[in-house]
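Thanks for coming. I will take the salt bridges, then the sheet, then the surface, and finish with some backbone geometry.

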Amino acid sequence: MSTSKDGKDPKGKSVGTVIAVTPPRVLLVEDSLSDVLTTSINLKLHNVLVSAVPVPRIALEALNALLAQDLVVNLVLTVDRVPDGGMSGYDLLMEIKKSPKFNHLPVVIMSDLLIPERVQKCLDGGAKNYIQKPINFAGVRHGILSYI
């Protein structure tokens, strides 16, 4: 369809521009299935897409896989400590911050326990926030969405 110089189609009707807006995507790193479900539901209620992996050590692989599919990740939300004693959320934060591909990503760390020294270490390392689980509706809005 051709348009006239005044932005109207040849029949004189206004022609609007449609811009597709992709909802933001969060990479959720969480080993507890119940917390994955709760957090995912709360994020989806805010029109946020969720990609989830169970542990921090495979999060970088997931980020690369999403990037290879041209899927944009706007934030990483990661659990701090995992039961198997493997890579922590802090370790993942450090890997993301030293990666030229991903160092722009905001990282929010979550935990059942808020240990002041641990919280400060993560914030000093570049985490945008350190929040307590389980994540509820208000926690999503104030503790996560403000960084997207």
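A term before we start: I call it a salt bridge when a side-chain nitrogen of Lys or Arg is within 4 Å of a carboxyl oxygen of Asp or Glu. On sources: this is a predicted model, where local features need pLDDT of at least 70, side-chain atom pairs count only at pLDDT 80 or more, and totals for chains, interfaces and linings use all residues. Residues are numbered from 1 along each chain as its sequence is written, and side-chain values use heavy atoms, with hydrogens and water left out.

The layout, briefly. The protein chain has five helices and five strands; helices (H or I, at least four residues) and strands (E, at least two) are DSSP runs, numbered from the N terminus. Their order from the N terminus is β-α-β-α-β-α-β-α-β-α. Of the 148 residues, 41% count as buried. Buried means under 20% relative accessible area, exposed over 50%, and partly exposed in between, with a 1.4 Å probe and protein chains only.

Now the salt bridges. Side chains of opposite charge can pair when their charged atoms come close. A search of the whole structure finds five such bridges. One of them joins Asp-35 and Lys-133, with 3.2 Å between the closest N and O atoms. This pair links distant parts of the chain, since Asp-35 is in helix α1 and Lys-133 in the loop between β5 and α5, 98 residues apart. Are these two buried or exposed? Both Asp-35 and Lys-133 are buried, Lys-133 at 10% relative accessibility.

Lys-133 also forms a salt bridge with Asp-112, where the closest N and O atoms are 3.9 Å apart. Asp-112 sits in the loop between β4 and α4 and Lys-133 in the one between β5 and α5, so this pair ties together parts that are 21 residues apart in sequence. Asp-112 is partly exposed, with a relative accessible area of 49%. Glu-30, Asp-35, Asp-112 and Lys-133 are linked in a network of salt bridges.

Another of the bridges joins Arg-118 to Asp-80, with the closest N and O atoms 2.8 Å apart. Arg-118 is in helix α4 and Asp-80 in the loop between β3 and α3 (89-97), so the pair ties together parts 38 residues apart in sequence. Arg-118 counts as buried at 11% relative accessibility, and Asp-80 is buried with a relative accessible area of 0%.

On to the sheet. Strands of a sheet pair through backbone hydrogen bonds, either parallel or antiparallel. For pairing, DSSP must find at least two bridges between two strands. Here five strands form an open sheet in the order β2-β1-β3-β4-β5, and the pairing is parallel. The edge strands are β2 (49-53) and β5, each pairing on one side only.

Look at β4 (residues 107-111). Four bridges join strand β3 (residues 75-79) to β4, and four bridges join β4 to β5 (residues 129-132). On the β5 side, Ile-109 stands opposite Tyr-130. Why do I call β4 largely enclosed by the rest of the structure? Because five of its five residues are buried. Both faces are covered, with Val-107, Ile-109 and Ser-111 on one side and Val-108 and Met-110 on the other.

Now the surface. Leu-33, Leu-37, Ile-41, Leu-45 and Phe-137 make a nonpolar surface patch of about 530 Å². Patches are made of residues with over 30% relative accessible area and no salt bridge, like charges being joined within 9 Å and nonpolar side chains (Val, Leu, Ile, Met, Phe, Trp, Tyr) within 5 Å. The areas come from the Shrake-Rupley method with a 1.4 Å probe; for residues, only the protein chains shown count as cover. Helix α1 (residues 33-44) gives the most to this patch, with three residues. Leu-37, in that helix, counts as partly exposed at 48% relative accessibility. Asn-42 is also placed in α1, but counts as buried at 10%.

Last, the backbone. Most residues other than glycine have a negative phi, and most peptide bonds are trans. Asn-47 has a positive phi of about 60°, and lies in the loop between α1 and β2. Asp-70 has a positive phi near 60°, in the loop between α2 (59-68) and β3. Asn-47 counts as exposed at 52% relative accessibility, and Asp-70 is exposed at 69%. A cis peptide bond joins Lys-133 and Pro-134, with omega about -5°.
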